[in-house]
Amino acid sequence: MINEAQILAVDDTPANLEVITEMLSSVGYTVVGAISGERALKRLRSYQPDLILLDIQMPDMDGFSVCQQIKAMPEFATVPIIFISALSDIGSMVRGFSVGAVDYISKPFQELEVLMRVKTHLQLHHLTENLEAQVVARTQELEKALAQLQQSRLQLIQQEKMSAMGNLVAGVAHDINNPLGFLRGSTSNIKEYMGDLLTHLALYQQHYPDAIAAIQEHAEEIDLEFIVKDLPTLFTSMNEATARIASISKNLCNFARRDLNDKVLMDLHEGIDNTLQILKFRLKSQGERPPIDVVKDYGDVPMVMGFPGQINQVLMNLLANAIDAIDEGPSDAEAAPKITIKTITLADQNLIEIVISDNGAGMSDEVKAKAFEYLFTTKAIGQGTGLGLAIARQIIEENHGGHLTFKSTLGEGTEFRIQLPLQTD
Ligand SMILES: Nc1ncnc2c1ncn2[C@@H]1O[C@H](COP(=O)(O)OP(=O)(O)OP(=O)(O)O)[C@@H](O)[C@H]1O
Ligand SMILES: [Mg+2]
């Protein structure tokens, strides 16, 4: 490569130029000659040499001035310039170096010396350029690695957060399950005992219709007739309530479920319902704000392949944001706070969509542009970490091959759209 170098030689004496050209060409360099500073500068408009050999004493424009002008052009600033001059005084040499030359050869010169110096400077130049390119490449690599590191760190924080919540939820569900199991087991016994007692009482009443006064008085006092009628109804309600607690506990367990390493077929509607269950408390009326109306518009959507814990996390992040946006102030104070969750299958596009819309505060253009950025939040310190949407997008797009987009109008509301690929096999 160095032997293929392009060299610009500048000398006002054609004979000198010829000698230099011949000498350099003989070892393989391509040489372009110029017989004045002006011509050299003109050549440089359409020519990029790897090295320049420059005479100093020339009419009109001397070598120092040519050198200065070349060095002032950014594209030639690093091209090595070697002076070849009959001026061998120390003053000229110093001046040569101070205007930017890398070397100074006195005339008359030794051919071999010129060749060695040219070769050395070409090599140095080549190495420097390589080094710079390497530094740029390494810097880019390091920047990329840093960005990846930051991303995984934040992801870990979020996972940690979800896992802490999952543990809490799973723990609570577990603690509820033990007494609940006892309750459910007892109710069937109680039902039987109660039936027996009531039958027994009826037998008494049938065979001893005229009980002593104390018994009749007590029966009136406690309104025995009402108790006998009400007891089974009450019992049925209790049974239903226990069943409800059991179903809530099952939902909590489902929500907290650890992510398996492989994707599984999951029911999106179940995921949404579980998430809503967890957020139930936040949907209730709060201060001035009436309860949030949740409208479910579920379509005929098949099971999808995915990581249920992650998808639940996305639903959680989006729904929590929607509630935050409503809490922040409903777009229209008259309108009742509302969140709509719509699911639909777009068979022609091989997609399933979940659209979550709210009539909360909405986003300004500035917020819209940054919403997906890591650590971007408009919420108070301690209220928002700014990770929710970034993680949600990563989960949907990178881990599930889908898309997460949104539309928002300040003062009107926001609509988030999750698109997941339809299972085709
Ligand atoms: N439904 C929405 N309506 C209005 N603004 C929203 C909505 N969803 C997100 N935003 C805006 O986008 C920002 C980023 O949301 P993101 O969920 O990433 O972080 P966060 O909610 O602030 O914090 P957290 O990490 O706790 O979720 C929010 O601070 C908010 O300004
Ligand atoms: Mg959020």
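Predicted model: local features only at pLDDT ≥ 70, side-chain atom pairs only at ≥ 80, totals over all residues.
First, the overall layout. The protein is divided into domain 1, residues 6–109, domain 2, residues 144–256, and domain 3, residues 259–425. If you take the C-alpha centres of domain 1 and domain 2, they lie 97 Å apart.

Now to the charged pairs. How many salt bridges does the structure hold? The count is 14, and I'd like to walk you through three of them.

Let's begin with D55 and K107, whose side chains meet in a salt bridge with an N to O distance of 3.4 Å. D55 sits in strand β3, residues 51–55, while K107 sits in the loop between β5 and α5, so this pair ties together parts that are 52 residues apart in sequence. And are these two buried or exposed? Both D55 and K107 are buried, which by the cut-off I opened with means that each has under 20% relative accessible area.

The next pair is D103 with R117, and here the closest N and O atoms of the salt bridge are 2.9 Å apart. D103 belongs to strand β5 and R117 to helix α5, so the link spans 14 residues in sequence. The two partners fall into separate classes of accessibility. D103 counts as buried because its relative accessibility is 9%, whereas R117, at 29%, counts as partly exposed.

Over to R289 and D327. Their salt bridge brings the closest N and O atoms to 2.4 Å. R289 is in the loop between α8 and β7, and D327 is in helix α9, residues 308–327, so the parts they tie together are 38 residues apart in sequence. R289 is buried, with a relative accessible area of 10%, while D327 counts as partly exposed at 35%.

Let me turn to the strands, and to β11 and β12 in particular. β11 covers residues 403–409, β12 covers residues 413–421, and the two pair in the antiparallel sense over seven bridges. They form a hairpin with three residues between them, and G411 in the turn has a positive phi of about 85 degrees.

My last stop is E353, in strand β10, residues 351–358. At 6% relative accessibility, E353 counts as buried. What does its side chain make polar contacts with? One partner is the side chain of R417, at 2.7 Å, and another is the side chain of Q419, with a polar contact of 2.7 Å as well. Leaving aside neighbours within four places in sequence, E353 is in contact with K342, T343, I344, L346, R417, I418 and Q419.

Terms used: Residues numbered from 1 in each chain as written. Chains lettered and ligands numbered in written order. Heavy atoms only, no water. Buried < 20%, exposed > 50% of the residue type's maximum accessible area, 1.4 Å probe, protein only. Helix = DSSP H or I, 4+ residues; strand = E, 2+ residues; numbered from the N terminus. Pairing = 2+ DSSP bridges. Polar contact = N/O pair within 3.5 Å; in protein donor to acceptor, adjacent residues only side chain to side chain. Contact = heavy atoms within 4.5 Å. Salt bridge = Lys/Arg side-chain N within 4 Å of Asp/Glu carboxyl O. Domains from an automatic or database assignment.
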